[in-house]
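Here are a few notes to go with the model. Have it open while you read.

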Amino acid sequence: MPLRILCLGDIVGRPGRQVVHQRLPGLVRQHNVDLVVANAENIAGGSGITANLFHKIRTYGVDVVTLGDHIYKKFDIVPTLQNSERIVRPANLASSAAGRPFTVVSTNSGVNVAVFCVLGRIFMNLPSDDPFAAADRVLQQVPGSVRVCVCDIHAEATSEKTAIGHYLDGRCSVMFGTHTHVPTADARILPGGSAFITDLGMCGPYDSVLGRRKDRVVKFMTTNMPQPFDVATGDVRLCGALAEVDPETGRAISMVRIEAQGEATDQAYDADDARGPGADK
Ligand SMILES: [Fe+2]
Ligand SMILES: [Fe+2]
């Protein structure tokens with residue numbers, strides 16, 4: 001029986017949380033999903049994650065959370081990063097950065113799966129180490145008995161994501177890009193047997209600029225005057241990809257995009273967003 005792994009792109013704010021809550025349980029049942037991996041770097045007010053929201057999306061059906069450059073925007077998550085095996089920090093941050101560079105979790109069917117993420121270096125604000133070498137280090141540390149490995153490539157440049165994908169081809173079962181919040185149409189199996197997509201797209205409001213209110217971003221870009229980039233609310237969708245993997249070999253069998261519409265909402269925030277002075281920036 002192939003292992004079915006559902007990967008979800010950056011969950012953005014309350015609209016993103018809502019669509020995951022509304023649609024994920026049905027998708028898991030419909031596709032007999034064994035493991036759900038989600039990037040949640042934007043889940044709290046559009047930037048960062050809190051312990052409360054980590055636990056909430058675990059109850060929605062997310063098994064492992066990956067993160068990106070917004071990892072530490074809400075400091076509240078640090079103890080969870082240190083204590084939980086269900087959340088990973090980018091593997092190429094400083095060695096003393098809070099969180100684990102990879103995790104190994106067991107599915108209900110008893111298959112062990114390694115999960116890690118790396119940050120790109122091109123056009124990224126958070127300084128990080130070489131993602132290629134960091135991925136090599138992770139793969140050396142994953143026990144040889146673990147055949148299935150999932151990697152979130154959190155990067156801005158399409159070229160860098162594709163290059164990392166080819167570099168790790170045959171060594172990871174599933175690789176997916178995140179961070180750019182716009183889905184790409186290139187879900188495929190690479191020659192070495194790894195499932196790959198350049199970007200999953202976000203789980204969030206698409207009538208926006210990458211999840212933020214389009215009027216605010218356009219005004220900023222046309223005037224250079226600072227604007228609050230509030231989370232948008234229109235056209236909420238869940239975006240991700242579903243991969244089938246041979247649990248014996250770790251080789252991918254298929255990779256298809258998944259997209260599901262959410263219910264309309266006009267509320268961008270609630271108390272869980274933990275907004276405070278400067279918290280969104
Ligand atoms: Fe993001
Ligand atoms: Fe990001």
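1. Let's start with the second largest pocket, which holds about 250 Å³ of space. A pocket here is an open set of points on a 1 Å grid over the protein atoms alone, for a 1.4 Å probe, with protein on both sides within 12 Å along at least five of seven lines; the volume is the space filled by probe spheres set on the points. Its lining counts 16 residues, with Val146, Arg147, Gly170, Arg171 and Thr249 nearest the centre. Lining residues have an atom within 4 Å of a point.

2. Before going on: this is a predicted model, where local features need pLDDT of at least 70 and side-chain atom pairs pLDDT 80 or more, while totals for chains, interfaces and linings use all residues. Residues are numbered from 1 along each chain as its sequence is written, chains are lettered from A and ligands numbered from 1 in the order written, and side-chain values use heavy atoms, without hydrogens and water.

3. The largest pocket has a volume of about 830 Å³. Of its 30 lining residues, His70, His179, Leu210, Arg212 and Phe229 are the closest to the centre. The lining splits into 12 nonpolar, 9 polar and 9 charged residues, whereas that of the second largest pocket has 6 nonpolar, 7 polar and 3 charged.

4. Glutamate 41 sits in the loop between β2 (35-39) and α2 (51-60) and aspartate 69 in the loop between β3 (64-66) and α3 (78-83), so the pair ties together parts 28 residues apart in sequence. Glutamate 41 is buried at 1% relative accessibility, and aspartate 69 is buried at 15% (buried means under 20% relative accessible area, 1.4 Å probe, protein chains only).

5. Finally, β4 and β5 make a hairpin with 5 residues between them, and glycine 110 in the turn has a positive phi of about 85°. Strands are DSSP E runs of at least two residues, and two of them pair if DSSP finds at least two bridges. β4 (residues 102-106) and β5 (residues 112-119) run antiparallel, joined by 5 bridges; threonine 103 has valine 115 as its bridge partner.

Note on methods:
Helices (H or I, at least four residues) and strands (E, at least two) are DSSP runs, numbered from the N terminus. Buried means under 20% relative accessible area, exposed over 50%, partly exposed in between (1.4 Å probe, protein chains only). Ala, Val, Leu, Ile, Met, Phe, Trp, Tyr, Cys and Pro count as nonpolar, Asp, Glu, Lys and Arg as charged, and the others, Gly among them, as polar.
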